[in-house]
Amino acid sequence: MSKIEIIGPIDLLLPVLVRMRQFGVLHIEEHPRQLVDAKEPHLKSLQLDSQSLAGRIFYQDLKQKIETLLTGLPQVKGRETYLNPATALEAVSTLVDRHIASCRSLEDDLVKEKQRLEELADAERFLTTIAPLVGGISHGTSLEFIGLELTDPEAVEQLTYLVHRLTGGRFDLQSTEGPQGSLAVLISTQKGQAAELRQLLRRERLPEFPLPSSLEALPFERKLEAIRDQVRGAEERAAALNLKLKTFARRWLGIYRAVLNWINDQLPLLEKTALLYQTGMCFFIFGWIPSGELAAIQKELDRAFAGKVVVEQKAIQEEELDRVPVALKNPPYFEPFELFSRLLPLPRYTSYDPTLFLGLFFPLFFGMILGDIGYGAILALTALPLIFFSRRKLLRDAGKILSVSALYTMIFGWLFGECFGEFGSHLLGLEPIIFDRRTAIVPMLYFALSIGICHLLTGLLLGLFSALRQRLPREVLLKSLSLLGILCLLFFVGAHFIPSLPQIQKQLLVVLGIVLPLLILTGGLLAPLELLKTFGNIISYARIMAVGLTSVLLAHVANELAGVTGDVLLGILVAVLLHAFNLILGVFAPTIHSLRLHYVEFFGKFLEPGGKRFTPMKK
């Protein structure tokens, strides 16, 4: 990353910002005062003139109004506009308030009609349900009908008792099944008793089904026809309102979107001026550009502005290192592994990109844990469609990671002599090249711990190199002593297993006796505990053996159960199901444990979080 300073005449500021936004590689320094106060006191923050300030307020207000208008409009394909948004700006600003009021009125009316349609639909549904009951009653002028909807069918008995008590048995009660398990009830009684009956039902919390007030004067048998007429009328009014909104959207949506996009392009430029500096006649932009883009930017600005705009590269001072923005950029092989590194806090500019180490070690650990040719082949076939047919970059990256991991899985499967467990040895004659994981548990444990030792020592060395690069003497001494202490402890423990080492145990204890006090002096009282923590980190790599052994045993169980079924087809089915289950576990478990070994054990030895994200100005 290069620290740069762009200088030019004040009247070219906006054109320069437009051009830099097109390049999409300039990260403007957010707190430039800290970079320039001491060295260039003649500079002052760029102040917007009254016209520019008024324009910014105008754009923000108009943007808010257009977004309000577009929120309520139907998303239809409008006419393509050929108007220049800048020239249409004044007309749009004049019309937008009127259009908002008009569209809001149409939207409110449409909401009311939809609510009325819902009410009418409920009433139509109820009347349709009880229509057969009404048709079975001999209609007379002295009868009145009361309809109810009960959610509890057992309430019919209580209802019958109440109505009988009030009417003295002069009533008729019928019921039929309604929607969603409800019960539609129709009570016919004398008109003189209907009002009192309705009051009783309300007191007992069994109210009459609410029908529109416009139906009250109609006979019950005509209410269904009337409500269907009202539904048709409401649907026609809602369709007419929708048509008006769509007609408006087809005519104006393209114009308003073009103006909004133009405003969204202009506002960031005006907002960035708060981060810029000026003298009486020139502007100054302080920021950061990827080093590989600097020469092209210098050449393009010189050509576009006839040498009036200058781009100077500045030296990055030591106190500015924490301010340098960080962008992860990796070769094609490592780039997909940014999927995992993005889960971590961004590293500082002086630290390391974790993607490189994830690309190197994650597939290795994954393959060591799963280690099966058959499983690896299935994962590789699964990865191919993700890589070549997926439109989403996330899935393509996942497919690439899976393909590399599958390759390592097949390599270690060949070394362990495994293809769907021991099925490969029976059918293909595979033999373990290094050891059989199912029986050689202790050698596999030693192997996993050895990998952990190499992995963590790499992390400790990287931490030491980082301290050397940053010229931090105390940190260099602390990390060197920690590394020496770890090596002493490792050799001391190894002396119990390697016959040629016991004679150096005393010397190792002497070295540890010197290292521990120095560790306390340089790193504090807790520094020696870091040695024990690192030792615990090494033991954590035993999970490579443990999780891998689980996969091997599950594959063995699948093959054994398939063999004892006594039926070929049933055996194949059992084997396929159990191997599929093992494979699913074999994808998730190695992924989780491999990432944990990196995130917790490895990166803690050297990775420095707290980086500032590179956010270039771009469309």
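Analyst: This is a predicted model. In it, helix H5, residues 155-167, lies across E4, E5 and E6. The direction of H5 is at about 165° to E5.

The strands under discussion belong to an open sheet of three strands, whose order is E4-E6-E5. Their pairing is antiparallel. The edges are strand E4 (143-150) and strand E5 (171-177), each of which pairs on one side only. From one strand to the next, the twist averages 20°. As background, the strands of a sheet pair through backbone hydrogen bonds, and the pairing can be parallel or antiparallel.

One pairing can be followed in detail. E5 pairs with strand E6 (residues 183-190) in the antiparallel sense, over seven bridges. Within the sheet, Glu177 stands opposite Leu183 in E6.

Next come two helix pairs. Helix H14 (residues 441-469) packs with helix H17 (residues 527-540) at an angle of about 135°, and their axes are 8 Å apart. H14 and H17 are therefore oblique to each other. Their crossing is right-handed. On the H14 side, the contact is made by Leu449, Ile453, Leu456 and Leu460. On the H17 side, Thr534, Asn537, Ile538 and Ile539 make the contact.

The other pair is helix H1 (residues 13-23) and helix H8 (residues 294-304), whose axes come within 12 Å and cross at roughly 145°. The crossing of H1 and H8 is also right-handed. Arg19, Met20 and Phe23 of H1 make this contact with Ile297, Glu300, Leu301, Arg303 and Ala304 of H8.

Last, the cysteines. A search of the whole structure finds zero disulfides. Cys282 has a relative accessible area of 27%, so this residue is partly exposed. Cys419 has a relative accessibility of 10% and therefore counts as buried. The cut-off behind that step is that buried means under 20% relative accessible area.

How values were computed:
Residues are numbered from 1 along each chain as its sequence is written. This is a predicted model: local features need pLDDT of at least 70, side-chain atom pairs count only at pLDDT 80 or more; totals for chains, interfaces and linings use all residues. Side-chain values use heavy atoms; hydrogens and water are left out. A disulfide is a pair of cysteine sulfur atoms within 2.5 Å. Buried means under 20% relative accessible area, exposed over 50%, partly exposed in between (1.4 Å probe, protein chains only). Two strands pair if DSSP finds at least two bridges between them. Helices (H or I, at least four residues) and strands (E, at least two) are DSSP runs, numbered from the N terminus. Axes are lines fitted to C-alpha atoms, for helices over the stretch in contact, and angles run from 0 to 180 degrees between N-to-C directions. Contact means heavy atoms within 4.5 Å. Angles under 35 degrees count as roughly parallel, over 145 as roughly antiparallel, 65 to 115 as roughly perpendicular and the rest as oblique. A crossing is left-handed if the near helix is turned anticlockwise from the far one by less than a right angle, and right-handed if clockwise.
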